[in-house]
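Here are my notes on the model you sent over. Have a look at it first, then go through the points below.

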Amino acid sequence: MDEFLAAAIEEAKQGLAEGGIPIGSVLVIDGKIVGRGHNKRVQKGSSVLHAEMDCLENAGRFSAAEYQRATLYSTLSPCDMCSGAVLLYGIPKVIVGENTTFQGPEAYVKSRGVDVTVVDNTECKQLMHDFIANHPTLWNEDIGE
């Protein structure tokens, strides 16, 4: 498995251990992790701290040129909000652990020139499957249903 996706999975597991939703993300620039995050909506009582948003916040500020060399890894297909951040900052590549549980606007993001690769990772799917089985109401809240 890709070391960066493995790091995102570790973030997802950390979120689950904290009582949150097991989704993780890392931002990579020039082969180095510059930011890590996981969904913290439950832990922080936040409306916006999805894994990708937490990752970008933790990474801090970068120039447009640096974002243009970045890859965002996420254990789950980014939602509209997180995909919007990818587009806003010009991140050219997104690696998605799985999109069976939830699929964000991947076709739109691709139409805007972003290389979106879904790796269909079994561990990512299992984390979400188990979480949704145990916490369906919380999952529906997270995706706005």
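How many helices and strands does the protein chain have?

1. The protein chain has 8 helices and 5 strands, counted as DSSP runs (H or I of at least four residues for helices, E of at least two for strands). In sequence order they run α-β-β-α-α-α-β-α-β-α-β-α-α.

2. A word on the ground rules: this is a predicted model, where local features need pLDDT of at least 70, side-chain atom pairs count only at pLDDT 80 or more, and totals for chains, interfaces and linings use all residues. Residues are numbered from 1 along each chain as its sequence is written, and side-chain values use heavy atoms, leaving out hydrogens and water.

3. Burial next: 48% of the 145 residues in the protein chain count as buried, meaning under 20% relative accessible area with a 1.4 Å probe, protein chains only (exposed is over 50%, partly exposed in between). Along its principal axes, the C-alpha trace spans about 40 × 30 × 25 Å.

4. Now the aromatics. The structure holds 4 aromatic pairs, that is, Phe, Tyr or Trp (six-membered) rings with centres within 6.5 Å; planes under 30 degrees apart are stacked, over 60 edge-to-face, the rest tilted. Phe62 and Tyr67 make an edge-to-face pair, because their ring centres are 5.7 Å apart and their planes sit at 80°.

5. Those two rings also belong to a cluster: ring pairs link Phe62, Tyr67 and Tyr89. Tyr67 is buried at 6% relative accessible area, while Phe62, at 22%, counts as partly exposed.
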